[in-house]
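Please keep the sequence and the 3D view open as you read.

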Amino acid sequence: MIHQYKNNGYNIVLDVNSGSVHVVDDIVYDIIPIVEGLLKENMDKELILAAISFMEDVPYKEEEIREAVEEIFELKDAEMLFGDNITVTSTLGVPAGVTVTLDLNGKTISVSGINSAPAIRVLAEVTVKNGTVDATAGNGSYAFIVGNSETAGKLTVIDGTYKGVTSAISVTLGSLVIEGGYFEATEYNGAHEFTINCIDANYKAGTATVTINGGTFYKFNPKDNASEGVGTSYCMDGYCAVADEDGNYTVYKHEYLDEYTAPTFEADGYHTYTCKHCNDTYVVVDEGSKLVAVATVGDEIYLTLQAAI
């Protein structure tokens with residue numbers, strides 16, 4: 001799981017699995033993602049070197065490429081790049097002032113010996129996807145904490161699995177946006193009311209926020225919970241949270257189906273809109289569509305409408 005960013009003129013490479021942070025030159029910075037992709041094709045070092053040498057969009061000399069590839073493989077062989085699942089014993093931090101996408105690449109970060117702290121603290125603008133952060137082996141530990149007492153962070157979760165003790169993700173200062181994923185926290189006082197949580201005072205002040213547009217939550221209702229007081233809803237307007245038979249909630253955007261009821265002599269016609277996920281319903285009346293008899297010829301009645309449907 002390699003993540004790269006530039007900060008104050010430095011090329012920073014973060015290998016989340018090993019916890020290693022490297023400052024590299026431009027060519028190594030540019031070639032690392034190429035090597036990562038070719039490794040997924042099961043190429044060895046010589047094949048990778050040959051493949052990169054023939055790439056027209058790599059603006060470096062062959063000898064420069066060889067030196068860069070050799071340096072990358074030295075880090076790989078030392079298990080400081082392209083690592084596998086890891087267990088962290090202290091919090092990994094994403095520093096302020098950068099924008100990072102953490103593609104966990106299907107891997108798992110777990111914790112050991114972390115007490116009342118997160119596996120990862122977010123002080124930057126971070127997007128996370130495609131993996132698992134499991135902090136349930138810690139003591140009061142979280143998958144993520146966003147921000148600290150002085151620095152705000154921003155975390156966007158696209159998908160993946162995130163577990164913690166009492167809370168999976170907590171916001172101290174900054175914002176959390178959940179677009180998808182699975183979230184689970186251990187029971188606290190007989191319930192799971194704090195799976196997603198904020199520092200209370202900052203939530204009330206508007207400096208710690210949560211917006212949930214998707215995802216599944218273990219025995220936690222993101223639209224009606226007690227994490228910030230009874231009736232807390234982290235869902236945007238236009239979204240619903242639907243429980244399954246086990247009491248787990250999945251968030252959906254409302255999708256309304258239209259059923260039309262035709263007008264009669266006694267009443268206007270109307271549309272009944274029902275969400276296919278949560279059965280929320282509302283009605284729109286076609287004002288003035290009630291039937292009216294205007295003429296009778298023999299036994300036949302000719303009808304018209306007061307207004308068009």
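The sections below go through the strands, the surface patches and the salt bridges.

## About the model

This is a predicted model, in which local features need pLDDT of at least 70 and side-chain atom pairs count only at pLDDT 80 or more, while totals for chains, interfaces and linings use all residues. Residues are numbered from 1 along each chain as its sequence is written, and side-chain values use heavy atoms, with hydrogens and water left out.

Helices (H or I, at least four residues) and strands (E, at least two) are DSSP runs, numbered from the N terminus. Two strands are said to pair if DSSP finds at least two bridges between them.

## The open sheet

Let us begin with the eight strands that form an open sheet, in the order β4-β7-β10-β13-β16-β19-β21-β20, with mixed pairing. The edges are taken by β4 (86-88) and β20 (239-243); each has a single partner strand, so one side of each is left without a neighbour in the sheet.

Inside this order, β19 (residues 216-217) and β21 (residues 249-253) pair in the antiparallel sense over two bridges. Thr216 has Thr250 in β21 as its bridge partner.

β23 and β24 form a hairpin with five residues between them. In the turn, Asn279 has a positive phi of about 70 degrees.

## Two surface patches

Patches are made of residues with over 30% relative accessible area and no salt bridge; like charges are joined within 9 Å, and nonpolar side chains (Val, Leu, Ile, Met, Phe, Trp, Tyr) within 5 Å. Accessible areas come from the Shrake-Rupley method with a 1.4 Å probe, and for residues only the protein chains shown count as cover. Tyr270, Val283 and Val285 make up a nonpolar patch with about 230 Å² of accessible area together. Tyr270 sits in strand β23 and is partly exposed, at a relative accessible area of 30%; that term covers values between buried (under 20%) and exposed (over 50%).

The negative patch gathers Asp25, Asp26, Asp30, Glu71, Glu74 and Asp77 on the surface. Two or more residues each come from α1 (26-39) and α3 (62-77), and α3 gives the most, with three. Asp25 lies in the loop between β3 (20-24) and α1, and is partly exposed at 42%. Asp and Glu count as negative and Lys and Arg as positive, whereas His and the chain ends are not counted; each charge is placed at NZ of Lys, CZ of Arg, CG of Asp or CD of Glu.

## Salt bridges

How many salt bridges are there? The count is two, where a salt bridge is a side-chain nitrogen of Lys or Arg within 4 Å of a carboxyl oxygen of Asp or Glu. Glu70 pairs with Lys45, their closest N and O atoms being 3.1 Å apart. This pair links distant parts of the chain, with Glu70 in α3 and Lys45 in α2 (residues 45-53), 25 residues apart.

Glu255 forms a salt bridge with Lys276, with closest N and O atoms 3.4 Å apart. Glu255 lies in the loop between β21 and β22 and Lys276 in the loop between β23 and β24, so the pair ties together parts that are 21 residues apart in sequence. Glu255 is partly exposed at 38%, as is Lys276 at 48%.

Terms used:
Buried means under 20% relative accessible area, exposed over 50%, partly exposed in between (1.4 Å probe, protein chains only).
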